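The following exercises concern the geometry and packing of one protein chain. Each task is followed by a solution in steps.

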Amino acid sequence: MSNTTVLPDPNHPLLPVARAYTSYFTPKVTGIENLPASGPVLVIGNHSSIYWAPEVWITFMAALDRRPNEPTYGVAHEILLRAPGLGDTLRTFGVIPASQEAATNGLKDGGAVMVYPGGDWEACRPWTDRGKVDFAGRKGFIRLALKMGVPVIPAVANGGHDSIFVLSRGERTAKLLGLDKLVRAKVFPYTVGLPFGVAPILPQIPLPSHVDVSFLPALDWSTQPGDPEDADLVEGYYEETVATMQTELDRLRAATPNPVLTGVKNHVAGLPGPLSGLANLF
């Protein structure tokens, strides 16, 4: 990466595919004006629905639209970036490894770097915890922001985790399979849905759940100097960050308590002619 690189290309063939994909989740983005239109910024989000993760694509494309002449990077697990064909495609789309080094370079490029601190742990949380922000105590993003002196913008998402019924993270299975050593994964999720019924890790068809993404103002602590090596300071900022995002997630869930029903209604309302009137039945 360099400060002369703008990623991704606005004509990238994956972009229309991503927009078509996210339209299935009838997304709504608010607060995008809180994201700086230029300069380095760290965007942090809560992660959902295992591999489907619509909030990631929705947030990423909102950042692209907000910052058309600035680089935007999203971090991803090494498993995706090592996949033949897919990995190279994602890299050209602005996806970088989930590492401090890669994120630091992205910020040095003046980019918006999207990180999901909860990673696979949060994305694979049980469906019953869908209304919970769970970063699993991971504080690397705090230290990175303090080291680089960049604002931190939370992008809080609701609805994605309603689309997939996750029964369990499958921590024991992951440990038995040695996934932590093999691919740095501590989960092997079990889900229930179509077409596989109860199954481990297989891609069930997601329900058309409506997804909201709310960009919040920069966190106060990220606009002030601080020592990234001060453990107590980092812990306090971590607790403050999670609490702020949880409050916003609670607000979004109160406004849309049934994202799946809302998503179905939105799709029906988009039908042609008188068929759209069926949305009034919901």
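**Exercise 1.** Is W127 buried, partly exposed or exposed? Describe also the aromatic pair to which W127 belongs.

*Solution.* The model is a predicted one. Step 1: the relative accessible area of W127 is 26%. Step 2: buried requires under 20% and exposed over 50%, so W127 is partly exposed. Step 3: the structure holds 7 aromatic pairs, and one of them joins W127 to F165, with 5.1 Å centre to centre and 40° between the planes. Step 4: planes under 30 degrees apart would count as stacked and over 60 as edge-to-face; the pair of W127 and F165 is therefore tilted. Step 5: W127 lies in the loop between α6 (119–123) and α7 (140–148), whereas F165 belongs to strand β7 (residues 165–168), so that the pair links distant parts of the chain, 38 residues apart. Step 6: F165 has 32% relative accessibility and counts as partly exposed.

**Exercise 2.** Classify the pair formed by the rings of W221 and Y237, and locate its two members.

*Solution.* Step 1: the ring centres of W221 and Y237 are 5.0 Å apart and their planes stand at 15°, so the pair is stacked. Step 2: W221 is found in the loop between β10 (212–215) and α10 (231–255), and Y237 in helix α10; the two are 16 residues apart. Step 3: W221 is buried at 2% relative accessibility, and Y237 is buried as well, with a relative accessible area of 13%.

**Exercise 3.** Describe how helix α1 (residues 14–23) is placed against helix α2 (residues 54–66).

*Solution.* Step 1: the two axes come within 10 Å and cross at roughly 125°. Step 2: α1 and α2 are therefore oblique to each other. Step 3: the crossing of α1 past α2 is left-handed. Step 4: α1 contributes L14, L15, A18, R19, Y21 and T22 to the contact, and α2 contributes P54, W57, I58, M61, L64 and D65. Step 5: sorted by class, the contact has 9 nonpolar, 1 polar and 2 charged residues. Step 6: Y21 is also linked by ring pairs with Y24 and F25 into a cluster.

**Exercise 4.** Which residues of helix α5 (residues 100–108) are buried, and against which elements do they pack?

*Solution.* Step 1: the buried residues of α5 are A102, A103, T104, G106 and L107. Step 2: these buried residues pack against strands β2 (41–45), β3 (72–76), β4 (95–97) and β5 (112–115), and against α7. Step 3: after α5 comes G110, with a positive phi near 80°.

Notes:
Residues numbered from 1 in each chain as written. Predicted model: local features only at pLDDT ≥ 70, side-chain atom pairs only at ≥ 80, totals over all residues. Heavy atoms only, no water. Axes fitted to C-alpha atoms, helices over the stretch in contact; angles between N-to-C directions. Helix = DSSP H or I, 4+ residues; strand = E, 2+ residues; numbered from the N terminus. Parallel < 35°, antiparallel > 145°, perpendicular 65-115°, else oblique. Left-handed = near helix turned anticlockwise from the far one by under 90°. Contact = heavy atoms within 4.5 Å. Nonpolar A, V, L, I, M, F, W, Y, C, P; charged D, E, K, R; others polar. Phe/Tyr/Trp six-rings, centres within 6.5 Å; stacked < 30°, edge-to-face > 60°. Buried < 20%, exposed > 50% of the residue type's maximum accessible area, 1.4 Å probe, protein only.
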